[in-house]
Amino acid sequence: MVKNVYIGCSADLIHHGHINIINVAASYGDVTIGLLTDDAIKSYKRTPIITFESRKKVIQQFKGIKHVIAQETLDYTDNLIKLKPDYVIHGDDWKEGPQKETRSKIIELLKQWGGEVIDVPYTQNISSTAIINKIIDENPISNYINNSKNLRALIESDNLEFIMEAHNGMSAKIVEETGFKAIWASGLCLSGSLGLRDDNEASWSQVTDMLEYMVNSVNIPILVDGDSGFGNFNNARIFCRKLEQIGVGGVCFEDKLFPKTNSFIEVEGGQELANMEEFCGKIRACKDYQINPNFVIVARLEAFISGRGLEEALKRAIAYHKAGADAILVHSKIRTSKDIDDFMEKWDNRCPIVIVPTKYYDTPTEHFRDLKISTVIWANHNFRASIDIMKKTSKQIFSEESLMNVESKIASVKDIFNYTGENKLKEDEKTYTN
Ligand code: SPV
Ligand code: MG
C-alpha cells in the first residue's frame, strides 16, 4: 500500500532546500503539504511575503505533491491526528533550537499509529531569511537597513553590550568615535537639549528632525527612545515608519500614557501604566506595519517605576514579547539592582533584556553579565557631562571677563572642523569647481 507522507512548511520563497525535502518525501509515498497559514508564519517569523492562497498555488505545481492543506498553527497535532501519516519529513535542523520540542512531540504522537519522523540533511546556506537578507545587503541604498540589522545583532548577541546616549549629530559622532556600537537617542536628553521638559513637549516630527541629523552623522545604529509612542497604536506605527525611512535602527516604547512623564519624577500614587492589552496592540501594530524586517522594537516595562512590582512586570514582559517585541527593557528607579535581580531570577530568557542603570549606577557591570542581561544603556551621561562643562566654562568666562584660563581646557575650533569634515569639503571643491 502507498504510504502517506506529511511536510509542514511555509514555502514563502521557494528554493532548492524545499525541492530537496519534497523529492525525499515523494520517494516515501504520497506527499501532503501542511502549508502554514499567514497567521502561523507571523507567529514565529514575520509576515509572509506571499499570501497563503498564492503560496498554495505555487507549491501545488510541484511534482510529487498530492495534496496541500492549511496548517493553522506551528503545532502539527491537529493535522497529524486527522491524516495519521506514516512519515513526517523535515530538515534535520529542527533537532536543535526552538523546533526541537515540536519534533519530540511529533515523534510521540506518531507512535500512536506507528508513524515515523524522517530528518533530511538540511540544505546549508539557504532559507527564505537568507534570501531576504541577501537582497537587503546587496541593495546600495539599504545602508539604513544595515543599521537595524546591526542593532538587532547587538541586542541578540550572547555578550553583554553597551549603548551610549547622544542627543545631536556632534554627540553621536563622539559616541561612535569612542568605539560604542550603538547610540541611545534619549527622550530626556533630546528634549533637554531643546530646553524642553521630558513630557512630550517636543512633537514627534521635531524629534525625527533631530534624529535625522544624528543618523546622517554616524555609521552605527541608533535606538530611539520613542516614549509612549506619541498616542495610540496608529500614532506609534506612523512614528515607526518615519524612523525606518530616516534609517534609525530601532525604537523603544514604554507602557505609559501620552503625554509621558519621566520615570524618575515622583507622582502621587505612582505613575499610571498603559492598559496591558492596549499596549500589546500598539506593539503588534508597529510590528505588522514595519517594512524592514530587522527594525527593532523594544518594549519597556514601567511596572517597577509605577510601584506595581515583580509579578506585574513579568506578566507584562511575557505579553509584550508575545505581541512581537524583540527585546524587553526593564526599568527601575531604585538605588540598587534589586528589581532587576528579582526579575532576572524569574525570567525564562525568552527574549533579550535591556536595562538602564542610571539610578543603580554603582552596581558592578560584572553583575549584569552574571545576570545574563543583554544590553546596558548609559542613558544620559553625555548630556549631563556637557551641561556641567558648559556651566563651568560660562561661569569662568563671566567672572574673569577673559578667555585666558579656559582655552586649554576645552575643544579647539579645529576639533569642530575635524568632526564636521571641513577638509573633505576642501577636497571636494578641488574636484567639482576646477
Ligand atoms: C531617557 O533617557 O529618556 C529615558 C531613560 O527614557 S530615563 O530618563 O531614565 O527614564
Ligand atoms: Mg525617555
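Biologist: Which residues have the most contacts inside the largest nonpolar core?

Modeller: The general idea first: in soluble globular proteins, nonpolar side chains tend to be buried together. A nonpolar core here is a set of buried Ala, Val, Leu, Ile, Met, Phe, Trp, Tyr and Cys residues joined through C-beta atoms within 7 Å. Buried means that 20 or more other C-beta atoms lie within 10 Å of a residue's own; 12 or fewer makes it exposed, anything in between partly exposed, and the C-beta atoms are placed from the backbone. In this structure the largest such core has 71 residues, and Ile-183, Leu-223, Val-298, Ala-325 and Ile-328 have the most contacts inside it. Apart from that core lies another, of 20 residues, including Ile-7 and Ile-22.

Biologist: Before we go on, what sort of model is this?

Modeller: A predicted one: local features need pLDDT of at least 70, side-chain atom pairs count only at pLDDT 80 or more, and totals for chains, interfaces and linings use all residues. As for labels, residues are numbered from 1 along each chain as its sequence is written, while chains are lettered from A and ligands numbered from 1 in the order in which they are written.

Biologist: Back to Ala-325, then. What is Ala-325 in contact with, leaving aside its neighbours within four places in sequence?

Modeller: A contact is two C-beta atoms, placed from the backbone, within 7 Å. For Ala-325 the list is Ile-283, Ile-297, Val-298, Ala-299, Tyr-320 and Cys-351.

Biologist: Why is β2 described as largely enclosed?

Modeller: Because six of the seven residues of β2 (residues 30-36) are buried, the rest of the structure largely encloses that strand.

Biologist: And which strands make up the closed barrel?

Modeller: Eight of them, β6-β7-β8-β9-β10-β11-β12-β13, paired in parallel. On average, neighbouring strands there are turned by 30 degrees against each other, direction ignored. For angles, axes are lines fitted to C-alpha atoms, for helices over the stretch in contact, and values run from 0 to 180 degrees between N-to-C directions. Take β7 (residues 183-185) and β8 (residues 222-225): three bridges join them, and Trp-184 has Leu-223 as its bridge partner in β8. Helix α10 (residues 204-217) packs on this sheet, touching β6 (161-166), β7 and β8, at about 165 degrees to β8.

Biologist: Which residues surround ligand 1?

Modeller: The cut-off is a C-beta atom, placed from the backbone, within 6 Å of the molecule. That picks out Ser-186, Gly-187, Leu-188, Asp-225, Asn-262, Ser-263, Val-356, Thr-358, Ala-379 and Asn-380. By class there are three nonpolar, six polar and one charged. Ala, Val, Leu, Ile, Met, Phe, Trp, Tyr, Cys and Pro count as nonpolar, Asp, Glu, Lys and Arg as charged, and the others, Gly among them, as polar.

Biologist: How far is Ile-132 from Ser-186?

Modeller: They are 54 residues apart in sequence and 31 Å apart in space, C-alpha to C-alpha.

Methods
Two strands pair if DSSP finds at least two bridges between them. Helices (H or I, at least four residues) and strands (E, at least two) are DSSP runs, numbered from the N terminus.
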